[in-house]
Every structure is written in C-alpha cells, then in structure tokens.
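Hello,

Please find the structure below, followed by notes on what was found in it.

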Amino acid sequence: MAMEIKNCRICGKMIQYSGLGRPICQGCKKTLEEKFMVAKKYIKENPGATINELSEAAEVPISQINQWVREERLVFSDDSPIGIDCERCGKMIKSGRYCPECKNNLVNELSSGRKKGEPSKAKGPIQTSKGKMRFLDR
C-alpha cells in the first residue's frame, strides 16, 4: 500500500498517510484520545450537561463531540439534553448515524432488494474469461 504525504488536520504537521481514517499525526491522536477520556468522564459525572459545557470541559469543538457520537464512541442517556440528528429523517438520536426506525427501514430496503434478485449496482472491475479486466459502464 502506497503512503501519501498529508498534513495533520489538527496541527498541520506533515505525516505519512495510509489512506485509512482521518489524517492526524500520532501526537494529535494521543491528545485527542486524552480529551475523549475527559469528555467520557465529564458525561458520567454530569449527565445533565449541555453540549457546550461538554465542549468546554473537554476542550474540543462541538464538531468533534458529534463525530464521537456518530462513531458510537459516545452514547448519551435518554434524559440527556445532548443529541445529534439522524442522517436520514432528522430525529434527535443519542448515538450513531440513524434512529432505530431508519435503521430498520434501511435493513428492510436492502433485504427486499436482495430478495427480488435485483442485480448489484456496484461498479468495478470484472474478470473476463481471457483473464483481462474490464469495467462496467458508469
């Protein structure tokens, strides 16, 4: 796997980027993980805290907290005022990307499409009988 040279998204330092995850240097990853632990502890000790209070306590932007929630690293209790919008319907959720209803609908849509025998819409290389590679029309 070829490595790219990128700048760390936090400090700007040049790093070798493998193409997996966000391009962040090891120092910033360590600092971010320490701040995550602060945020997690703060939520546990202050269940009624707002997202602004959490952001200030952990010294991270609200966008970082939202990312941890989307990644399901942070989960808020049902009575917490902190939440994010479901990416599909906009309903407030406490963790992940989709509310339970949208998750179920997505699973049902995917399952019904597979059952009907619809061809996959994935585009990519296909091996031919002569061993040559060709691409489907996009």
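How many salt bridges are there by the rule used here? The count comes to six, a salt bridge being a side-chain nitrogen of Lys or Arg within 4 Å of a carboxyl oxygen of Asp or Glu.

This is a predicted model, in which local features need pLDDT of at least 70 and side-chain atom pairs count only at pLDDT 80 or more, while totals for chains, interfaces and linings use all residues. Residues are numbered from 1 along each chain as its sequence is written, and side-chain values use heavy atoms, with hydrogens and water left out.

One of the salt bridges joins Arg70 and Glu87 (3.3 Å, N to O). That pair links distant parts of the chain, with Arg70 in helix 3 and Glu87 in the loop between strand 3 (84-85) and strand 4, 17 residues apart; helices (H or I, at least four residues) and strands (E, at least two) are DSSP runs, numbered from the N terminus. Arg70, Glu87 and Arg97 are linked in a network of salt bridges.

Another salt bridge is formed by Arg88 and Glu109, at 2.8 Å from N to O. Here Arg88 is in the loop between strand 3 and strand 4, and Glu109 is in helix 4, 21 residues apart.

Ser95 lies in the loop between strand 4 (92-93) and helix 4 (100-115). Ser95 counts as buried because its relative accessibility is 16% (buried means under 20% relative accessible area, exposed over 50%, partly exposed in between; 1.4 Å probe, protein chains only). Phe36 and Trp68 are buried too.

Regards
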